[in-house]
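Welcome, and please keep your viewer open with the selection tool to hand. We will go from one stop to the next, and at each one you will hear what to select and what is there.

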Amino acid sequence: MTLTLKRPITLLLLCLMLSACSTTNTGNRLVVEQPSESQIKSSVKDQVSMMLNAFTPVAGQALPNNTVLSTYAERGYRPIWIQDKHIVPSIYKLVTILEKANSHGLNPIYYHVGIIKHYLSLKSPTTQQLAEMDVITTIALSSYAHDISNGRYEPQLIDPNWQLDAPSRDWKDLLSLSTAGEMVDSLPLLAPRNPQYQVLQKWLVYYQQLAKKEKDIVVQPGSALSIGDEGPRVSQLRARLVQLGDIRFSTRKVDEDRFDKKLKEALQSFQHRHHLSADGAAGANTIQMLNVPLKKRAEEIAFNLERWRWLPNKLEANRIWVDLTNYSVDTYLNGNRTTMKTVIGKPDRMTPVFKGTMTYMVANPSWRIPHRIARENLLPKLQADPNYLGKHGFRVFSSWSIGAKELDPTRINWKNIAPEDLSFRFEQIPDEDNALGSFKFMFPNKNEIYLHDTPAKYLFRRTDRAFSSGCIRLEHAAAFAKNITNNSPQASVLASVMKSKKSKVITLPTYIPVYIVYFTVVPNANGMPEFRNDIYHRDELMERAMGYKAFHVKESL
């Protein structure tokens, strides 16, 4: 995704085209005398270079300068926001949209709202001011169009492990529309159309408005509160759950400071959507989560709206959706959805976010141990027990080259080998103890990440399941294999291979897109925001990059 602010160019363009025009004020309607073509060309030549050098991008972000420049060039440098000697009404509609940019987690100051309104308030603007207004407004339009569709920030500059970025060109197409009215009317359509984005966006507005109107209701720390308890802390708990939407307003009378069954159910709802143990008691962890400020929750939602803008605007109907923060994989095939638990990379070996295409699977696979795992995990075990390989079904080869010689591990002095000098290839033969289990599912990628079976089934009973070295382990790999080969010739091949216990590569009947995603806030089945554990501390990186602080108007110039 390109993040170059195309502002410099725009400003120049308009300045050139209108720098020679004159204006008159008729009643409340601003009348503009159009400059001649020669005047426009002369202004462009004089202004473009100067404006490019003078215009400073906001917050270091930048949009492609050439887009605004080419837009004006294609129009023969005619103004966009002035037509028939009048400022078009659509500019006011644009200002309203830009003022509400924070409803998508974007800062209106990035879109020069105050500057545009200043120009619009001038009673007798000069031709130069009209030119500047036109160009700055176009810069604001193009910047917002880009940000609302592609995201404002470059994901890999925030987090190198975030490798999923699917920029759209639709925002550029908007600038090629004939009139300002068409451009402005099309602007809202650029936001992600995914229902999850739209629900989260509504919750963002709710939290933002609530934080402005009300103070956070705080539940005072103390002993755990449970059904039957009474007192002011119970009243605080009830009021906070009302504020957060877990209790709907009711006309029936309730004893505010008594912990009843309805309050317990509401608290369990809160606990479920914050990935807490839903015991219906307000212990220390639950109270801590209850007291997270509304403003903080709004920021967390904004981070996740930006993440949605990094995804394709339209997702494939058939896809595999690995949801890291939910420790799950959802498979969408032929209108059906199946889901199962996963184990993902531990925090020091986090599973990256990216998109791949699953093309084949391996039944009864052997496991070639990656260099990093061999150095960090396997070598220490060999140094402690030279017979470790034989006990666990491993073979060792002299190198990674084809035809490398198999070696006797008991004749190697493992204690004299430093991790950085380890060059052997290790393979674990297919059997019930193989770390990959009976299947691995491949979507070739630079990260060497894949989905696979595992003999360590007990880990799926855990709530938090970040235990792997980066790859994704599946709870029911055999069912997954059957699902992706269902009603195809490969299904019978799969059945035959599993009986033979021999290793076999099976090409999938249909290649399937694989998304590995990371969201810390998602709508739950009831449309309420579900706040998840930030396993890899990626929200901290988002907060640092998005910099939730006030900006002054002068910083946008």
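**Stop 1: the largest pocket**

Select Trp367, Ile369, Pro370, Ile373 and Tyr450: among the 46 residues that line the largest pocket, these lie nearest its centre. A pocket here is an open set of points on a 1 Å grid over the protein atoms alone, where a 1.4 Å probe fits, with protein on both sides within 12 Å along at least five of seven lines; lining residues have an atom within 4 Å of a point. Two or more lining residues come from each of strand 9 (367-368), helix 15 (371-384), strand 13 (439-442) and strand 15 (466-468). Helices (H or I, at least four residues) and strands (E, at least two) are DSSP runs, numbered from the N terminus.

Before going on, note that this is a predicted model: local features need pLDDT of at least 70, side-chain atom pairs count only at pLDDT 80 or more, and totals for chains, interfaces and linings use all residues. Residues are numbered from 1 along each chain as its sequence is written, and side-chain values use heavy atoms, with hydrogens and water left out.

Which helix gives the largest share of the lining? Colour helix 15, which supplies six residues.

**Stop 2: the nonpolar core**

Now select Leu237, Met358, Trp414, Phe426, Phe441 and Leu451, the residues with the most contacts inside the largest nonpolar core, which has 143 residues. Such a core is a set of buried Ala, Val, Leu, Ile, Met, Phe, Trp, Tyr and Cys residues joined through side-chain atoms within 4.5 Å. Buried means under 20% relative accessible area, exposed over 50%, and partly exposed in between (1.4 Å probe, protein chains only). Helix 6 (residues 127-150) gives the most to this core, with ten residues.

Zoom in on Phe426. Beyond its neighbours within four places in sequence, Phe426 is in contact (heavy atoms within 4.5 Å) with residues including Trp367, Ile369 and Trp414.

**Stop 3: strand 8**

Next, select residues 354-363. Strand 8 is largely enclosed by the rest of the structure, because seven of its ten residues are buried. Strand 8 pairs with strand 17 (residues 504-517) in the antiparallel sense over nine bridges; strands pair if DSSP finds at least two bridges between them. Look for Gly356 opposite Val514 in strand 17. Strand 8 also runs antiparallel to strand 13, with four bridges joining them, and Ala363 stands opposite Phe439 there.

**Stop 4: Ala278**

Finally, find Ala278 in the loop between helix 12 (261-272) and helix 13 (284-290). Is Ala278 buried or partly exposed? Ala278 counts as partly exposed because its relative accessibility is 25%.
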